[in-house]
Amino acid sequence: MKVGVISDIHGNLVALEAALADMPPVDRLVCAGDVVGYNPWHAECTAAIRGEGDHGLSDEAAAMLPDGEVPTVMGNHDRAVAFDQAYGFNDMAAAAVDHARETCSDDQLEWLGELPEQRVVCDGRMRIVHGHPDDPDHYTYPEEYGPDMLGDEDVLVTGHTHVQGHEFFDEGLVMNPGAVGQPRDGDPRAAYSLVDFDSREIEARRVEYDVDRVVDAVRDADLPLRIGTRLRSGQ
């Protein structure tokens, strides 16, 4: 079984399209949260992950989506948008929450608010969280990975840090596929990963996309321009 793993799309439809178009055939696709936030395509990215038709992706990218929704957990930006709770967010993030609430449908907001904090998929072999199994908002960087994070699953998927990384232990694999829509590990390319259960291998992948198109869309949406320009440095 080969699983495509994505996280932290953050409303960046251009990066999501590039990642999906680059992805080889997989048996499953999963997402570790934060479908929305920051970049201006909140509704379109939510539509893609929910399995709605009106997402704006190319046919090549859309072909990688499953029938129905992609198994997803709730990220902190998903929660903030769903419940209009941007407390503690910086000005960029807070502005994006307002924009997402204005552009997502009521049905999409309800879906975001009903996402679970954890999911177990692939016949119990993979657990998906956003931050940490004990705290969905905890930033768990690769250097903090440990076997104590694993339960009965073979693979624990985290997100939230926007930093791609993984570590194998006797107990299993702890990984972060990196951020599709807003990398923060110094590499501006969209990030995702592939997990092969049969060969017990992981492939961390990066793909270039049109960052300038995102910057223009951020400007057109009257969002803080730094949301777009920071994408050029992967910070």
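Predicted model: local features only at pLDDT ≥ 70, side-chain atom pairs only at ≥ 80, totals over all residues.
Q: Where do nonpolar side chains tend to be in soluble globular proteins?
A: In such proteins they tend to be buried together. Now take the case here. The largest nonpolar core of this model has 52 residues.

Q: Which residues have the most contacts inside the largest nonpolar core?
A: They are Ile6, Ile9, Leu16, Leu20, Met23, Leu112 and Tyr209.

Q: Which elements give two or more residues to this core?
A: Two strands are on the list, β2 (28-31) and β8 (190-196). The helices are α1 (13-22), α2 (42-50), α4 (76-83), α5 (91-103), α6 (106-113) and α7 (211-220). Helix α1 provides the largest share, seven residues.

Q: What does Leu16 touch, leaving out residues up to four places away in sequence?
A: Leu16 meets Ile6, Ile9, Cys45, Ala48 and Val180. Another core lies apart from the largest one, with 16 residues. Val3, Val5, Val121 and Met175 are among them.

Q: Is Leu112 buried or exposed?
A: A residue counts as buried when its relative accessible area is under 20%. Leu112 has 0% relative accessibility, so it is buried. Leu112 sits in helix α6.

Q: Which residues does Leu112 touch, again leaving out those up to four places away in sequence?
A: Its partners are Val36, Thr46, Met74, Asp78, Val81 and Ala82. Sequence distance and spatial distance can also be read side by side. Leu112 and Thr72 are 40 residues apart in sequence, and their C-alpha atoms are 9.6 Å apart in space.

Q: Where does Thr140 lie, and is Thr140 buried or exposed?
A: Thr140 belongs to the loop between β4 (126-128) and β5 (155-157). Its relative accessible area is 1%, so Thr140 is buried.

Q: What does the side chain of Thr140 reach?
A: It reaches the backbone oxygen of Gly131, at 2.9 Å. Beyond neighbours within four places in sequence, Thr140 is in contact with Gly131, His132, Tyr145, Met149 and Thr161.

Q: What volume does the largest pocket have?
A: Its volume is about 260 Å³. The pocket is lined by 17 residues. Closest to its centre are Asn76, His77, Phe89, Tyr139 and His160.

Q: Which element gives the most to the lining of the largest pocket?
A: Helix α4 does, with four residues.

Q: How many nonpolar, polar and charged residues are in the lining of the largest pocket?
A: Six are nonpolar, seven are polar and four are charged.

Note on methods. Residues numbered from 1 in each chain as written. Heavy atoms only, no water. Core = buried A, V, L, I, M, F, W, Y, C linked by side-chain atoms within 4.5 Å. Buried < 20%, exposed > 50% of the residue type's maximum accessible area, 1.4 Å probe, protein only. Contact = heavy atoms within 4.5 Å. Polar contact = N/O pair within 3.5 Å; in protein donor to acceptor, adjacent residues only side chain to side chain. 1 Å grid on protein atoms, 1.4 Å probe; cavity = no way out; pocket = protein on both sides within 12 Å on 5 of 7 lines; lining within 4 Å. Points joined across faces, edges and corners; volume = space filled by probe spheres on them. Nonpolar A, V, L, I, M, F, W, Y, C, P; charged D, E, K, R; others polar.
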